[in-house]
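Hi,

Here is the structure I promised to pass on.

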Amino acid sequence: MPAVALTKYNLIYHQRAAPIKHNRSIRICASILGIGCIAAGANKAMVTTAASSSSNGGAYTTIKERVRFEKEIKKSKFIAIAGPIPDEQSAQSFLSQVRDQRATHNCWAYKVGDQYRSNDDGEPSGTAGKPIHSAIESSGIDRVMVVVIRHFGGIKLGTGGLVRAYGGVASECLRNAPTCLVKSKVRMGVEVPFDLLGVLYHQLQSFQVEDIKQDYETGKDGITVVTFQVDFDRIEKLEDAIKSHCSRDLVFYKR
């Protein structure tokens with residue numbers, strides 16, 4: 001069994017506990033559902049890619065639905081539109097849906113975990129995309145994209161005015177957005193003898209796990225594999241519950 005396996009979308013880990021010799025046992029493996037890496041697009045944009053995402057394996061706050069905020073600043077009309085996104089592909093789709101081809105600028109930024117991108121779309125460098133991203137960071141909201149559309153009104157705002165305008169409408173848009181807490185899910189698998197299935201399923205139902213699947217093709221007589229998803233913060237309690245309700249010693253594989 002590999003010590004660590006890392007793919008683009010999933011972080012899979014196994015660490016062997018002290019061996020316990022028994023003829024029959026239950027083996028539990030955990031796989032944290034990770035977030036895919038963000039690749040740079042064709043448009044010029046600031047890109048930062050961190051080694052890991054702080055929200056992987058945890059919980060994050062995002063917005064429930066798309067929201068809109070409008071403000072006129074020195075005859076220029078600024079329209080901020082924010083929406084929840086899970087990944088880069090969704091960000092590109094969101095941008096194509098809300099972009100106004102008639103506008104002077106469609107500036108944007110998004111954040112997915114520790115990954116982010118921003119774009120000034122023709123405004124002076126650092127005066128639009130960066131303040132939008134700063135507004136997202138300050139809000140504490142994750143998995144979100146904000147597009148700020150500007151219809152030029154004939155009066156130049158200067159670099160400081162642009163930073164305040166783009167950052168301000170983005171902040172106000174996010175401030176008005178309804179939010180929700182999302183808990184990351186952990187994929188677990190249990191290799192279990194047939195006669196313990198009833199006990200196992202009772203515990204899984206008690207912990208309200210999701211996406212339960214069962215596989216009898218294990219190559220071992222009398223053994224099946226049950227996989228499911230559980231909230232990251234309930235893993236230890238679920239393991240303890242399975243231990244206490246099963247009549248056999250358990251061998252766990254986990255981080």
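Helices α4 and α5 are roughly antiparallel to each other (angles over 145 degrees count as that), packing at an angle of about 150° with their axes 10 Å apart. The axes are lines fitted to C-alpha atoms over the stretch in contact, and angles run from 0 to 180 degrees between N-to-C directions. α4 covers residues 197-206 and α5 residues 235-245; helices here are DSSP runs (H or I, at least four residues), numbered from the N terminus. In α4, V199, L200, Q203 and L204 meet L238, A241, I242 and H245 of α5, where contact means heavy atoms within 4.5 Å. By class, that contact has 6 nonpolar, 2 polar and no charged residues (Ala, Val, Leu, Ile, Met, Phe, Trp, Tyr, Cys and Pro are nonpolar; Asp, Glu, Lys and Arg charged; the others, Gly among them, polar).

A word on the source: this is a predicted model, with local features needing pLDDT of at least 70 and side-chain atom pairs pLDDT 80 or more, while totals for chains, interfaces and linings use all residues. Residues are numbered from 1 along each chain as its sequence is written, and side-chain values use heavy atoms, leaving out hydrogens and water.

The other pair is α2 (residues 129-139) with α3 (residues 158-175), at about 35° and with axes 8 Å apart. P131, I132, A135, I136 and S139 of α2 touch V163, Y166, G167, A170, S171 and L174 of α3. That contact has 8 nonpolar, 3 polar and no charged residues.

Finally, there are 0 disulfides (cysteine sulfur pairs within 2.5 Å).

Cheers

Terms used:
Helices (H or I, at least four residues) and strands (E, at least two) are DSSP runs, numbered from the N terminus. Angles under 35 degrees count as roughly parallel, over 145 as roughly antiparallel, 65 to 115 as roughly perpendicular and the rest as oblique.
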